[in-house]
Amino acid sequence: MDLCTKADFDQIITEHSEFWDDDRTFPLHHSMFIFEFGDSAFVVREGGKVIAYLLGFLSQVERVGYVHMVAVREGFRRRGLANDLYEHFIDHCRQQGCTGIKATAAPDNEKSIRFHTAIGMTMDGDCTVNGVPAVRGYARPGVDRVVFRMAIDCGDG
Ligand SMILES: CC(C)(COP(=O)(O)OP(=O)(O)OC[C@H]1O[C@@H](n2cnc3c(N)ncnc32)[C@H](O)[C@@H]1OP(=O)(O)O)[C@@H](O)C(=O)NCCC(=O)NCCS
């Protein structure tokens, strides 16, 4: 597990379609996640290739680490890589005094929902979309999101 470099980030952007099923998240990959939040941006590499990554940051409004993006390259899934990235991120958040982590997903992203619930995250919601709890209009008017949360032991008591 390594910090994500600008070269890693450029590779992720260039090969985005190998990590994601569609282009929806492409504009959400901003270099500020390396330049401004780089101590919570992690990659797993194999043979010089990025095979999984997590872009995160610490919230400024609550003691929570937020996972902005997590993705595993097609062909490398179901090997525990996303789980490893989360564990690494949680360690980082714990060291920074966070008491929880948070992430979001589109209600139709079944893989993400399966993954986040499998690692023990719970879903906030004020409505149900595609059979899962979601927060109506969370992303913008008319665009709902599943909001995942999990408490973490911050180790200070
Ligand atoms: C979601 C994603 C990051 C999961 O990565 P991964 O490395 O395959 O996940 P892991 O191997 O760590 O999975 C841990 C557990 O989550 C669950 N899980 C993960 N992917 C799953 C899937 N496609 N279907 C059902 N359960 C799944 C399983 O319980 C799994 O444990 P198991 O393999 O022992 O059964 C990956 O599918 C991905 O990159 N998807 C495209 C990008 C994306 O949608 N990212 C999430 C954005 S919010």
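User: Leaving aside its neighbours within four places in sequence, which residues is Y86 in contact with?

Analyst: This is a predicted model, in which local features need pLDDT of at least 70, side-chain atom pairs count only at pLDDT 80 or more, and totals for chains, interfaces and linings use all residues. Residues are numbered from 1 along each chain as its sequence is written, and side-chain values use heavy atoms, with hydrogens and water left out. With those neighbours set aside, Y86 is in contact with L54, V67, V70, I101, A103, F115, H116, I119 and M121 (contact means heavy atoms within 4.5 Å).

User: Which residues touch the most other members of the largest nonpolar core?

Analyst: They are L54, Y86 and I101, in a core of 28 residues. A nonpolar core is a set of buried Ala, Val, Leu, Ile, Met, Phe, Trp, Tyr and Cys residues joined through side-chain atoms within 4.5 Å, where buried means under 20% relative accessible area with a 1.4 Å probe, protein chains only.

User: Which element gives the most to this core?

Analyst: Helix α3 does, with seven residues. Helices are DSSP runs of H or I with at least four residues, and strands are runs of E with at least two, numbered from the N terminus.

User: What does the second core include?

Analyst: This separate core has 14 residues, among them C4, F9, F19 and A71.

User: Turning to strands, how many bridges pair β2 and β3?

Analyst: Six, in the antiparallel sense; strands pair if DSSP finds at least two bridges between them. R45 has V50 in β3 as its bridge partner.

User: And where is the positive phi in that hairpin?

Analyst: G47 takes a positive phi near 55 degrees, and the hairpin has two residues between the strands.

Definitions and conventions. Buried means under 20% relative accessible area, exposed over 50%, partly exposed in between (1.4 Å probe, protein chains only).
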